[in-house]
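I opened this notebook to record what I looked up, entry by entry, for a reader who meets the structure here.

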Amino acid sequence: MTVPEGWEPGAFKTRVDQVLHRFAAGEAGQLVAIDASLGLVADAVETAVADGKRLRAAFCYWGWRAAGQPDSDALVRAAASMELVHAAAVVHDDLIDDSPLRHGRPTAHLALREAVRGHPEPASAARSLAMLAGDLLMSMAGQLFVTSGLPAAYLGRARPLWASLARELVAGECLEILHTGSDAPDTAVSLKVVRYKTAKYTVEQPLLIGALLGGAGERLRAGCSAYGLPLGEAFQLRDDLLGLFGDPALTGKDGSDDVRGHRPTALLAETWRLAGEEDRARLRTLLAAGAETRRADTADTETITADTADAVRDVMRRLKAPDRIEAMITVRVEEALRTLDELALPGPAATALTGLAHSAAVRRS
């Protein structure tokens with residue numbers, strides 16, 4: 001199957017899914033061949049790549065096409081490696097955040113408790129297994145990339161960017177941890193976390209890697225960053241909104257996660273900026289209560305957390321913080337699309353990247 005001149009996201013997703021599922025199944029099989037007791041860890045690896053929008057692979061593919069290159073099965077394999085980076089990041093992020101759900105299923109560190117029922121500290125052991133599964137997924141990303149079938153000279157063009165991708169992804173996650181629970185959320189800090197934790201590895205770096213593989217010149221590379229960074233930020237800002245105001249049946253995530261974790265989202269930072277002293281005092285109380293339920297182990301924890309999240313939503317709506325985030329998303333998408341217009345890309349690439357900009361920023365899950 002090839003990608004036609006008209007961009008068909010569903011057909012491309014199917015193509016990437018086939019690569020990922022086959023590759024993950026092979027890796028899982030090799031893991032179980034070492035010892036049958038590794039079966040549930042192997043399952044966690046396969047589950048981590050089972051679902052997804054495949055946006056990162058799409059950006060990589062269209063970076064290649066933007067450089068004037070034709071459709072290529074080897075490039076699709078290389079692009080699919082971006083989804084393994086994402087899968088690794090998700091497993092680690094869910095572990096760090098102690099998130100209970102992903103795509104409507106228990107997260108890896110919860111699912112893996114079944115593997116350690118006889119362990120003296122099953123929760124801790126399951127978290128350790130999840131951490132190692134995430135590490136394996138990142139290793140698999142590199143393996144799929146270098147065995148994609150592209151010439152070594154092409155792969156060499158993009159290899160330095162892999163080091164930056166890993167460094168900046170880790171930096172973003174560390175920044176989020178360091179600023180979680182801040183007494184005075186700050187929008188500039190939140191946006192820096194957004195840029196390094198999500199924006200760069202979701203849009204800019206996959207797009208740049210594809211373009212570099214295709215032999216892009218300096219102007220196109222600069223354009224990839226000018227398009228990718230604001231669009232990646234818009235993607236995460238949408239995630240912030242969906243995290244608290246989205247339908248959990250569509251997002252597949254726990255809608256109270258960000259409140260329980262007192263995370264430094266731009267949504268919270270903007271709420272804080274807009275709030276007066278009375279609302280700030282209320283937010284402090286609510287966020288402290290959310291953090292307390294995270295540590296608690298009581299039967300009514302779920303109800304308390306939901307009530308707290310509802311109260312935080314009420315404050316945010318009253319201060320119109322979600323409207324402010326929507327405006328920030330709009331500004332960033334418009335900036336990305338202006339850059340696209342200025343680049344004068346080949347027609348299929350311009351059409352696809354325009355469609356991807358809307359898919360990344362206007363979504364319900």
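**Entry on salt bridges.** I took a salt bridge to be a side-chain nitrogen of Lys or Arg within 4 Å of a carboxyl oxygen of Asp or Glu, and by this rule I found a count of 26. I note that this is a predicted model, in which local features need pLDDT of at least 70 and side-chain atom pairs count only at pLDDT 80 or more, while totals for chains, interfaces and linings use all residues. Residues are numbered from 1 along each chain as its sequence is written, and side-chain values use heavy atoms, with hydrogens and water left out.

**Entry on arginine 15.** I looked up the partner of arginine 15 and found a salt bridge to aspartate 71, with N to O at 2.7 Å. Arginine 15 sits in helix H1 (residues 9–34), whereas aspartate 71 belongs to the loop between helix H3 (55–66) and helix H4 (73–97), so the pair links distant parts of the chain, 56 residues apart; helices here are DSSP runs (H or I, at least four residues), numbered from the N terminus, and strands are such runs of E of at least two. For accessibility I used three classes, buried for under 20% relative accessible area, exposed for over 50% and partly exposed in between, with a 1.4 Å probe and protein chains only. Arginine 15 counts as buried because its relative accessibility is 5%, and aspartate 71 counts as partly exposed because its value is 24%.

**Entry on two further pairs.** Glutamate 176 and lysine 197 also meet through their side chains in a salt bridge, at 2.9 Å from N to O. Because glutamate 176 lies in helix H7 (residues 152–179) and lysine 197 in helix H8 (residues 187–213), the pair ties together parts that are 21 residues apart in sequence, and both residues are buried. I then turned to arginine 117, which forms a salt bridge with glutamate 114, the closest N and O atoms being 3.3 Å apart. Here arginine 117 is exposed, with a relative accessible area of 65%, and glutamate 114 is partly exposed, at 43%.

**Entry on cavities.** I defined a cavity, on a 1 Å grid over the protein atoms alone, as a set of points where a 1.4 Å probe fits but cannot get out, with lining residues having an atom within 4 Å of a point. Grid points are joined across faces, edges and corners, and a volume is the space filled by probe spheres set on the points. How many cavities of 30 Å³ or more are there? The count comes to 2.

The largest cavity has a volume of about 70 Å³, and its lining includes Asp240, Leu244, His262, Leu267, Leu268 and Met316. Helix H9 (218–245), helix H11 (257–261), helix H12 (266–274) and helix H14 (301–318) are the elements that give two or more residues to this lining.

The second largest cavity has a volume of about 30 Å³, and among the residues that line it are Ala66, Leu220, Gly223, Cys224 and Leu340. H9 gives the most to this lining, with 3 residues.

**Entry on H12.** I finally asked how H12 is placed, and found it mostly covered, with 7 of its 9 residues buried. Among the buried residues of H12 are Leu267, Leu268, Glu270 and Trp272.

Conventions:
On a 1 Å grid over the protein atoms alone, a cavity is a set of points where a 1.4 Å probe fits but cannot get out, and a pocket is an open set with protein on both sides within 12 Å along at least five of seven lines; lining residues have an atom within 4 Å of a point.
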